[in-house]
Amino acid sequence: MLIDAHQHFWIYDSQKYAWIDDSMARLRRDFLPQDLQPELERAGFRGCVAVQAQQTLEETRWLLDLAASAPFVLGVIGWVDLQSPQVRTQLETFAGNPKLVGIRHVVQSEPDDRFLLRPEFLRGISVLEEFDLAYDILIYPRHLPVAAEFVRRFPRQRFVLDHAAKPPIKSGSVHPWARGIRELGTFRNVYCKLSGLVTEADWHNWKQEHIAPYLDCAFESFGPDRLMIGSDWPVCTVAASYGQAIGVVKDYVRRHAAQVQEAVLGSNAERFWRLQPRQQSRG
Ligand SMILES: [Zn+2]
């Protein structure tokens with residue numbers, strides 16, 4: 001079972017998606033399940049995990065509605081206000097929905113580089129375990145040391161690092177990103193998504209060999225049982241087609257045993273989020 005562990009849906013609005021600048025003009029339209037389905041099928045994927053792009057409860061509800069009507073959307077990473085004293089109440093409103101499998105906050109855009117360690121945020125994270133929800137860590141390489149301090153506090157919480165913390169592929173420098181990745185990889189409750197990598201490379205001139213050193217480091221740090229493939233569609237289309245974006249990781253794992261391929265291309269994601277392929281309910 002091949003699973004795309006990271007993609008987005010949206011109805012485009014220039015104010016809500018102000019981060020989409022002129023260089024990303026092709027993202028200024030709607031991206032919905034009917035647009036993704038043919039891409040998934042062509043790539044041999046059976047399902048996907050949809051990730052929040054707005055920080056609103058309304059978007060979380062909308063993504064869950066989309067997932068309810070599109071069975072191939074196996075899980076949703078939503079947003080709740082983790083810093084709010086009302087976080088538990090917010091989570092309770094979604095608790096009956098088996099498709100909500102994780103929460104994410106756009107930490108990379110927070111002006112405070114130590115945002116992950118804020119007491120209000122830590123309090124919110126401490127509640128996720130009782131709702132059986134994972135947490136997606138979206139950061140830049142400079143945040144990696146803080147992320148290690150962060151995950152150390154929650155040894156039983158499931159975490160997954162988005163886009164391998166966005167390595168500086170375009171610049172070609174591997175350190176100090178690699179040092180941060182190795183440290184985070186020592187925490188067994190942290191997984192890593194091999195997603196969105198083409199977006200961190202030179203959009204117009206990237207090659208597989210530019211990305212391979214970063215994949216080597218991710219494999220050394222997390223091992224084949226804690227890595228998962230993701231497209232970051234539609235954002236990846238600024239640099240590649242869906243097939244090319246996914247192909248970077250698919251081609252890389254081809255050198256490994258069939259068991260490793262199966263793990264990275266789907267079964268790790270299935271186990272991590274306890275996804276229930278092709279079932280509407282967990283009963
Ligand atoms: Zn993304």
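A disulfide is a pair of cysteine sulfur atoms within 2.5 Å. I kept that cut-off at hand for the first entry. The model I am reading is predicted.

**Entry 1: cysteines**

I looked for disulfides and found 0 in the structure. C192 is in none, and its nearest cysteine sulfur, that of C217, sits 9.1 Å away. C192 is also buried, at 0% relative accessible area. Next I checked C236. C236 has 0% relative accessibility and so counts as buried.

**Entry 2: the chain as a whole**

I counted secondary structure next. The chain has 10 helices and 8 strands. Its radius of gyration is 17 Å, close to the 19 Å that the globule rule gives for 283 residues, so the chain is as compact as a globular protein of that length. I then took the extent of the C-alpha trace along the principal axes, which is about 50 × 40 × 40 Å.

Burial came next. Of the 283 residues in the chain, 57% are buried. The chain exposes about 12,200 Å², and carbon and sulfur atoms supply 48% of that area. I also looked at contacts between residues at least 6 apart in sequence. Of these, 79% join residues at least 24 apart.

**Entry 3: the zinc site**

Which residues coordinate the zinc ion? I find H6 through NE2, H8 through NE2 and D232 through OD, at 2.0 to 2.4 Å. Along the chain these donors follow the spacing H-x1-H-x223-D. H6 lies in strand β1, residues 3–7, while D232 lies in the loop between β8 (227–229) and α9, so this pair ties together parts that are 226 residues apart in sequence.

H6 has 0% relative accessibility and counts as buried. D232 is at 6%, and the cut-off for buried is under 20%, so D232 counts as buried too.

**Entry 4: W233**

W233 is found in the loop between β8 and α9. Is W233 buried or exposed? At 3% relative accessibility, W233 counts as buried.

I listed its contacts, leaving aside neighbours within four places in sequence. W233 is in contact with H6, Q7, H8, F9, F31, L32, D35, L36 and Y242. Among them are H6 and H8, which also coordinate the zinc ion. W233 and A25 are 208 residues apart along the chain, and their C-alpha atoms are separated by 15 Å.

**Entry 5: helix α9**

How many of the 12 residues of α9 are buried? I get 9, so the helix is largely enclosed by the rest of the structure. The buried residues are Y242, A245, I246, G247, V248, V249, K250, Y252 and V253. I noted that K250 is on this list.

**Entry 6: backbone exceptions**

I ended with backbone torsions. Most residues other than glycine have a negative phi, and most peptide bonds are trans. I therefore looked for departures from both patterns.

Which residues does a cis peptide bond join with omega about 5°? They are H175 and P176. P176 sits in the loop between β6 (159–161) and α6 (177–185). A cis bond also runs from W233 to P234, with omega near 0°.

D132 has phi near 60°, a positive value in a residue other than glycine. It is placed in the loop between α4 (119–128) and β5 (134–137). D132 is partly exposed, with a relative accessible area of 36%. A164 has a positive phi near 50° and is likewise a residue other than glycine. The place of A164 is in the loop between β6 and α6, where P176 also sits. A164 is buried, with a relative accessible area of 3%.

Definitions and conventions: Residues are numbered from 1 along each chain as its sequence is written. This is a predicted model: local features need pLDDT of at least 70, side-chain atom pairs count only at pLDDT 80 or more; totals for chains, interfaces and linings use all residues. Side-chain values use heavy atoms; hydrogens and water are left out. Buried means under 20% relative accessible area, exposed over 50%, partly exposed in between (1.4 Å probe, protein chains only). Helices (H or I, at least four residues) and strands (E, at least two) are DSSP runs, numbered from the N terminus. The radius of gyration is taken over C-alpha atoms; the globule rule is 2.2 Å times the number of residues to the power 0.38. Contact means heavy atoms within 4.5 Å. Accessible areas come from the Shrake-Rupley method with a 1.4 Å probe; for residues, only the protein chains shown count as cover. Donors are N, O and S atoms within 2.8 Å of the metal (3.2 Å for Na, K and Ca); water is not among the atoms, so sites may look incomplete.
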